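Subject: Structure for you to look at

Hello,

Here is the structure I said I would pass on. My notes follow below it, arranged by region.

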Amino acid sequence: MAQAYAALREASGQGETDAFPASEFPVSRTYDRLVVITRSGTTTEVLDLVGEVRERWEVLALTADPATPVMRAADDVAVLDWADEESVVQTRFATTALAFLRAGLERDGRLPAGVRTVAEAATDAERALAEPLPAAALAAEQWTFLGAGWAYGLAQEAALKMREAAGAWTEAYPAMEYRHGPIAVSAPGRVTWAFGPLPDGLADDVAKAGGTLVGGTPAGGTPVGGGADDGEDPMASLVRAQRLAVAIAEARGLNPDAPRNLTRSVILTP
């Protein structure tokens with residue numbers, strides 16, 4: 001979600017914006033503000049980072065729990081408590097955090113060209129919840145998610161949800177990079193799922209490799225594959241992928257809300 005917002009914010013002309021996992025944050029940079037996204041507000045790496053940089057930068061935290069340490073650690077906090085969830089795997093909080101950040105760009109009239117409003121994205125997401133999932137995606141053995149610009153972050157998120165909830169073999173790449181190696185995994189029984197516009201010729205390349213393309217709209221063309229809507233907001237495509245993760249997990253006899261090896265928050269002891 002941070003990757004997606006950073007790309008949107010910079011494309012909107014609001015200045016250099018980068019995204020990192022808290023554990024890999026380059027604290028020697030000369031930023032002026034840090035935004036942290038932490039559902040639980042208790043993650044060790046996030047709290048350590050905030051403590052290290054707070055004297056130099058203003059810190060805003062997005063969290064789902066108003067009774068956690070990040071409330072005291074950050075300068076400002078946006079509490080998205082209506083988006084908290086019992087599931088270990090984050091879906092509702094993740095999309096809500098990005099919608100909140102997108103709404104800030106929208107309020108200031110800074111949405112990049114071609115990016116829908118949050119209200120339009122919500123309408124698309126309602127449709128994504130109601131429509132059947134693509135049959136090819138449900139039957140696949142492997143899934144690769146693609147996106148360009150801010151949608152690349154959403155492709156990463158989709159792959160992560162599939163791995164977390166279903167223990168699935170999934171990957172994610174920038175759309176234009178797919179032909180620089182990763183397309184080697186494309187084959188019958190494997191799905192390439194695109195968020196947003198497709199690079200020219202990519203649909204043909206996936207077909208030649210024997211794979212199945214889902215989603216994405218070729219330049220000047222019509223949507224490809226099942227479950228794709230012309231101009232659908234990429235966040236709605238993410239909702240479809242979240243549903244797919246649940247369906248695949250349940251088909252494998254797994255609990256998508258309580259995956260093995262995962263906890264709600266990673267809290268490290270000294």
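Two strands are taken as paired if DSSP finds at least two bridges between them. The model is a predicted one, and the notes should be read with that in mind.

Isoleucine 37 stands opposite leucine 62 of strand 2.

Strand 2 (residues 58-63) also has a partner in strand 3 (residues 76-79), again parallel, through four bridges. There, leucine 60 stands opposite aspartate 76 of strand 3. Strand 2 is mostly covered, with five of its six residues buried.

Phenylalanine 145 has alanine 172 in strand 5 as its bridge partner.

One of the pairs is threonine 144 with threonine 192 of strand 6. Eight of the nine residues in strand 6 (residues 190-198) are buried, so the strand is largely enclosed by the rest of the structure.

The loop between strand 5 and strand 6 holds serine 186. Is this serine buried or exposed? Serine 186 has a relative accessible area of 8% and is buried. Leaving aside residues up to four places away in sequence, serine 186 touches Tyr178, Thr192, Val206, Ala209 and Gly211. Thr192 in that list is the bridge partner of threonine 144 mentioned above.

Helix 5 and its surroundings

Helix 5 (residues 118-130) has 13 residues, which at 1.5 Å a residue should span 18 Å; the C-alpha atoms at its ends are 19 Å apart, in agreement. Its buried residues are Ala121, Asp124, Ala125 and Ala128. Viewed down the helix axis, the buried residues of helix 5 fall within an arc of 105°, so they line one face. An α-helix has 3.6 residues a turn, so residues three or four places apart point the same way. On the other side of helix 5, Ala119, Glu126 and Ala130 are exposed.

What do the buried residues of helix 5 pack against? Their neighbours are helix 4 (92-107) and helix 9 (234-251).

Glutamate 106 is part of helix 4. Its relative accessible area is 30%, which makes glutamate 106 partly exposed. Its side chain reaches the backbone nitrogen of valine 118 at 2.9 Å. Not counting residues up to four places away in sequence, glutamate 106 touches Leu111, Thr117 and Val118. Glutamate 106 and leucine 8 are 98 residues apart in sequence, and their C-alpha atoms are 11 Å apart in space.

Helix 9 and the segment after it

Helix 9 has 18 residues and reaches 26 Å from its first C-alpha to its last, close to the 26 Å expected at 1.5 Å a residue. Of these 18 residues, 13 are buried, so helix 9 is largely enclosed by the rest of the structure. Its N-terminal end is capped by aspartate 233, with a side-chain oxygen 2.8 Å from the backbone nitrogen of methionine 235.

Just after helix 9, glycine 253 has a positive phi of about 75°. Asparagine 261 lies in the segment after helix 9 as well. Phi of asparagine 261 is near 70°, a positive value in a residue other than glycine. Most residues other than glycine have a negative phi. Is asparagine 261 buried or exposed? With a relative accessibility of 76%, asparagine 261 counts as exposed, since the cut-off for that is over 50%.

Regards

Key
Residues numbered from 1 in each chain as written. Predicted model: local features only at pLDDT ≥ 70, side-chain atom pairs only at ≥ 80, totals over all residues. Heavy atoms only, no water. Helix = DSSP H or I, 4+ residues; strand = E, 2+ residues; numbered from the N terminus. Expected span 1.5 Å × (residues − 1). Buried < 20%, exposed > 50% of the residue type's maximum accessible area, 1.4 Å probe, protein only. Arc of directions from axis to C-beta. Contact = heavy atoms within 4.5 Å. Polar contact = N/O pair within 3.5 Å; in protein donor to acceptor, adjacent residues only side chain to side chain.
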